[in-house]
Amino acid sequence: MFYGLSRFLKKILPKQLFYRSLIIVAAPIIIMQITISIVFFDSLWIKTNKGMTRALVNEINTFIEVYGQEKLDKDELKNLFSLFLDLNIELIENEKFDDQYTERWFSPIDRSLRRELKSSFNQKYLFDTTSYKELIDIRIKFEEGYFKFLVPKDRVTSSSARIFALWLTLPAILVIFIAILFLKNQTRPITKLAEASERF
């Protein structure tokens, strides 16, 4: 088994000294970067987005519950939520609520929103994360119409992930580039010596 694996690796690995040395240097760096990225996005970024999404959905749920009380001034309530919680709220009355929407299944934002909205509002909701560049359109059925919430995307996702990915990628590329320069200088004399010995 190990002999067959060794033969297979010999076939796919490069034969030249420079490229073999480059793999020895670059492979641990790439593996480390991939591992750190997976751990970060799974344990920190996704959990952070999940918590932010849950907080937003709870705010929307609180607004709808309070809005149903007769004693409160509806316009004042909408103004308070818009001012302090950054929710642009509009009540669409006497209009059919269409709960069909196109969800991006590979988007962490869409998955988090679907999970949290479904747990709070069952099937009486829809959301759209693609129509607006910086906003999310969330609609919740209410009586004979629905509420339309326009929410900034930074309410449900952390922008630090992009910065982290950038700082994670650039040093790795820089280290590999420096390694290429050093390896060229180190392997050139050995390669020339091997060529001279073959000619001899």
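How many bridges join β1 to β4? Five, and the two strands run antiparallel.

Before you click further, some ground rules. This is a predicted model, where local features need pLDDT of at least 70, side-chain atom pairs count only at pLDDT 80 or more, and totals for chains, interfaces and linings use all residues. Residues are numbered from 1 along each chain as its sequence is written, and side-chain values use heavy atoms, with hydrogens and water left out.

Stop 1: Select β1 (88-92), then β2 (125-128), β3 (135-142) and β4 (145-152). Strands here are DSSP E runs of at least two residues, helices are H or I runs of at least four, and both are numbered from the N terminus. You're looking at an open, antiparallel sheet of four strands, ordered β1-β4-β3-β2. Two strands count as paired if DSSP finds at least two bridges between them. β1 and β2 sit at the edges, each pairing on one side only. On average, neighbouring strands are turned by 15 degrees against each other, direction ignored.

Stop 2: Zoom to β3 and β4, which pair antiparallel over eight bridges.

**Stop 3: β4 and Phe149.** Eight of the eight residues of β4 are buried (under 20% relative accessible area; exposed is over 50%, partly exposed in between; 1.4 Å probe, protein chains only), so β4 is largely enclosed by the rest of the structure. Now pick Phe149, which stands opposite Ile89. Beyond its neighbours within four places in sequence, Phe149 has contacts (heavy atoms within 4.5 Å) that include Ile60, Phe63, Ile64 and Ile138.

**Stop 4: the core.** Show Phe63, Ile64, Leu117, Ile138, Ile140 and Phe149, the residues with the most contacts inside the largest nonpolar core, which has 24 residues. Such a core is a set of buried Ala, Val, Leu, Ile, Met, Phe, Trp, Tyr and Cys residues joined through side-chain atoms within 4.5 Å. α2 (17-67) is among the contributing elements and gives the largest share, six residues.

**Last stop: α4.** Select 108-121. α4 lies across β2 and β3, running at about 165 degrees to β2; axes are lines fitted to C-alpha atoms, for helices over the stretch in contact, with angles from 0 to 180 degrees between N-to-C directions.
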